[in-house]
Amino acid sequence: MIQPLHQTLYELLKQATGFIYPNEIEVHWGILVVVYPYLTGLVAGAFILASLVKVFNVKEVQSVYRLSLLTALAFLIIAPLPLLLHLGHPERSFEIFLNPNFTSAMAMFGFVYAWYLMVVLLLEIWFTYRKDIILWSKNERFMMRWIHKIISLFSTDVSEKSVIFDKKMVKVITIIGIPSAFLLHGYVGFIFGSIKANPWWSSVLMPIVFLFSAIVSGIALVILIYMIVTPSRRQEIDMACLDKMASFLFYAVIIDFSLELLDFIHRLYESEESIKILSDLVMNKLFISLGIIQVLLGMLLPLGVMVAIKFFRFDAELRKLLYFVSAILIQLGIFATRWNVVVGGQMFSKSFRGLTAYKMELTGFEGIFMALLLLVLPFIVLAILVKILPPWEPAPVSDLEAVSD
Amino acid sequence: MERRKFGKKLFTLVVSSTVFGGLLKKANAQTKDYDPSKHYYGMGIQTNKCIGCGKCVEACKDENNVPKEPFFFRTWVERYTIKKDGEVTVQNIDSRITTHRDNIFEKEILRSFFVPKLCNQCDNPPCVQVCPVGATFKTEDGVIIVDDERCIGCRYCIQACPYGARYLHPEKQTADKCTFCYHRITKGLPPACVEVCPSQARIFGDLKSGASPLGRFKRLFKLHVLKPFLNTEPKVSYSDLDGEVR
Amino acid sequence: MKKFLTKLPEQAGRLLIVFIVFIALVLLVRFLLPASLKDHNIHIQNTVATEMSRQVRYAGSEVCASCHDEYNLKKNGYHKNLSCETCHGTLKEHSENPTEIKPLVPRQRDFCTRCHAFDPSRPTGFPQINPSAHNPMKACVSCHNPHDPKPPNVPQECQACHAEIARTKAISSHVMLECTICHEVPTQHKVAPRNVKASIPAEREFCGKCHSTQSIIKETSKVDLATHGEKYLCWQCHYPHMPEVE
């Protein structure tokens with residue numbers, strides 16, 4: 001049931017403590033705006049994992065390169081949806097392209113997004129898959145054949161020279177892509193970090209913290225997808241690949257953790273005007289989501305597990321289990337991170353004198369079901385993408401010979 | 001044949017005249033007797049004159065169709081009570097709740113006072129900076145207003161305002177805020193809150209005009225603005241502002 | 001140029017075409033859109049125009065002065081700075097249609113106490129009363145003219161010394177009785193209150209004038225003097241300034 005707004009607000013008014021500015025009772029950015037940075041974080045993280053493979057030529061992880069690219073694309077396609085749905089007037093969203101206000105970080109969304117989608121991700125995927133698409137389309141039936149032909153833009157050249165050109169382009173795009181991925185998620189952090197009115201958000205570290213938590217969540221996601229999809233295809237999980245990804249994850253978590261710790265200590269040490277209300281916020285409103293879920297379950301526990309894996313020689317089965325559990329915990333932790341930033345930043349009054357409350361609806365645009373739907377949708381998109389562009393292995397060489405004959 | 005031509009001509013005439021008429025009307029409403037470049041508005045608030053009656057809040061809601069529920073305000077009044085043990089209590093004076101404080105005995109009070117709040121019409125407005133579609137902007141005469149036909153309802157401006165002066169209009173689903181009663185001040189009338197204030201705690205004026213009550217206010221008192229460290233440069237200034245007020 | 005194109009790998013050429021088409025489409029759409037959709041300045045002008053054309057609801061006191069004499073009375077009194085609409089509500093519609101739409105005329109006590117009830121947060125010197133002690137049964141307008149509020153003309157002489165009694169009586173059912181109805185006060189009492197005392201009713205029949213069953217006064221409670229506590233004077237059991245028995 002969706003209650004009328006005033007009724008909800010009267011209930012929230014009773015839960016508010018201390019003094020809040022009267023307009024602050026309504027929490028304006030709810031669960032959907034939590035989902036949005038979570039999704040873009042996954043995009044950036046998955047893409048950066050793929051780029052690490054290309055740039056540093058990490059042999060072990062080669063087998064998930066295409067999978068992580070597709071994952072990034074699937075999540076990128078869904079990422080703007082929660083933003084769109086939370087608008088008061090989604091039908092006016094085109095204004096952001098027609099009349100962008102160039103001083104607004106949010107207005108840059110359209111451009112950063114378009115740049116990342118069109119120039120980086122789609123191009124990289126296109127060049128990566130082009131040869132294979134052409135080869136696949138040779139032996140396929142009507143539907144898939146045409147889909148592949150259209151996707152390949154009716155390109156037919158699979159000569160060695162053109163394949164080398166593809167590879168070169170992929171390299172170039174990866175090099176542009178890494179800063180772009182940084183831009184994509186750093187910019188989401190900037191949306192929050194640049195709000196001087198809000199001491200919980202306003203921090204130079206915000207974009208960097210966002211970025212590294214994005215990398216953490218992205219790698220963990222690819223690990224999860226890899227560990228679920230591979231057995232379901234009746235294939236063996238490649239432990240070398242998994243170990244390598246886990247070790248990337250480990251380093252990313254360490255950096256992320258240090259950054260957040262730095263942010264925390266810095267705030268505590270500077271102890272500005274807002275410190276009282278922020279400690280109140282952390283101890284009362286965010287104790288479970290920040291203290292327990294984000295830090296303890298989402299960061300310290302997986303870190304401990306991964307340290308243990310590094311020190312003790314567990315067998316493969318146990319390692320798989322531990323990696324799997326850690327990756328899930330990390331996802332939970334990063335989601336809590338986004339929650340604590342977005343909702344936490346609105347739980348205290350800008351008068352620094354009181355705390356507000358947030359009540360989540362079950363149904364409706366701002367409800368839990370909608371949020372769950374938005375979290376599931378990327379996987380559906382990913383399934384479709386995997387159908388069209390199987391990321392497992394390149395087209396058999398025999399096809400290549402068939403063409404050259 | 002001739003008739004058809006005539007009909008066509010008539011049609012174009014009607015269309016063009018209505019279109020042009022509409023344009024002219026809009027242009028007229030704007031230029032008639034009012035030159036925004038000659039004005040720059042500001043407000044002074046004499047804190048120790050406010051009696052906390054909440055008339056300004058009511059008048060604002062009447063004049064500007066602000067929803068009556070106590071979650072939507074273009075202006076509001078805060079009551080500060082500092083007890084002898086240093087504890088600070090702040091309340092929002094809701095016009096429908098009696099002005100009498102609860103639970104604080106008079107003898108425990110060190111000092112107590114009211115502070116009216118409204119949009120500060122910042123000269124360096126963070127809300128305008130962050131609006132993704134430029135739907136909120138500063139007019140030539142220094143007032144920040146919202147175009148409710150273009151606001152997409154993203155609420156970034158609400159997050160960016162350090163003073164809590166903005167809210168999302170529950171029916172229109174667009175950001176809404178104090179406009180200094182722009183429709184009144186451009187006709188030479190004071191904003192509704194200033195009109196009804198029984199104790200002249202609010203002084204509205206034109207910073208570009210010579211002698212004016214606002215000029216006197218600025219000359220006579222030591223002034224302060226809210227949260228000056230955020231560099232928003234408010235055009236609403238307060239006299240006798242207590243350090244506890246944020 | 002041609003050489004470059006032929007040298008370009010086949011797939012790059014195809015991509016280039018897609019990009020060029022895309023950019024061309026974007027530019028075309030932008031070009032085809034009417035200015036009203038993409039010109040920021042037009043948006044600003046329109047918003048300012050709509051904002052200016054909004055309906056005024058508070059008319060301002062000058063409008064009232066043209067019909068109502070009370071304005072002249074008010075402008076010399078303590079309420080001289082009060083706008084008419086502070087008490088009478090929005091009057092723009094009344095000024096345009098005076099016979100059909102009538103303004104608010106508040107007469108309840110709690111209307112006046114919104115400003116004048118004692119509140120420790122109010123500035124000292126602002127006239128305030130304790131509503132539960134200050135003639136609680138009376139409407140403010142029965143003693144004070146809101147258009148020219150002054151301390152009322154009733155004698156304050158007794159209250160000056162017997163404030164506690166006055167306050168008690170003020171919330172009793174004897175509130176309407178002047179002190180002199182029950183007490184004879186020689187003029188010397190004011191000069192030498194301890195030497196020359198005011199009288200106290202010495203007979204049961206004095207109270208009986210209102211409270212005996214034979215009394216012709218209707219609104220009072222009645223007892224039969226012959227059977228009700230015949231050994232005592234009334235005030236030995238009932239406190240006349242706060243008679244507790246109904």
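A polar contact is a pair of N or O atoms within 3.5 Å; within protein, one must be able to donate a hydrogen and the other to accept it, and residues adjacent in sequence count only if both atoms are side-chain atoms. Keep that in mind for the interface of chain B and chain C, where the rule finds 20 residue pairs in polar contact, both at pLDDT 80 or more.

Before going on, some ground rules. This is a predicted model, in which local features need pLDDT of at least 70 and side-chain atom pairs count only at pLDDT 80 or more, while totals for chains, interfaces and linings use all residues. Residues are numbered from 1 along each chain as its sequence is written, chains are lettered from A and ligands numbered from 1 in the order in which they are written, and side-chain values use heavy atoms, with hydrogens and water left out.

Back to chains B and C. Contact means heavy atoms within 4.5 Å, and 48 residues of chain B are in contact with 35 residues of chain C. The two chains bury about 3,600 Å² between them, 56% of it on carbon and sulfur atoms. Buried area here is the accessible area, with a 1.4 Å probe, that two parts lose on being put together, summed over both.

How many salt bridges cross the interface of chain B and chain C? The rule finds 2, a salt bridge being a side-chain nitrogen of Lys or Arg within 4 Å of a carboxyl oxygen of Asp or Glu. One salt bridge joins the side chains of B:Arg79 and C:Asp119, at 2.9 Å from N to O.

Now to chain B by itself. An automatic or database domain assignment sets the bounds: domain 1 is 37-120 + 179-239, and domain 2 is 126-176. Their centres, taken over C-alpha atoms, are 21 Å apart. Domain 1 of chain B gives 24 residues to the contact and domain 2 gives 18. About 1,700 Å² is buried between these domains, and carbon and sulfur atoms give 61% of that.

Which side chains form the salt bridge between B:Asp176 and its partner? The partner is B:Arg74, at 3.0 Å from N to O. The count between domain 1 and domain 2 of chain B is 1 salt bridge. Across that domain interface the rule also finds 7 residue pairs in polar contact, both at pLDDT 80 or more.

Last, one residue of chain C. A polar atom of the C:His79 side chain lies 2.9 Å from the backbone oxygen of C:Pro146. Leaving aside neighbours within four places in sequence, C:His79 is in contact with C:Lys74, C:His116, C:Pro146 and C:Pro149.
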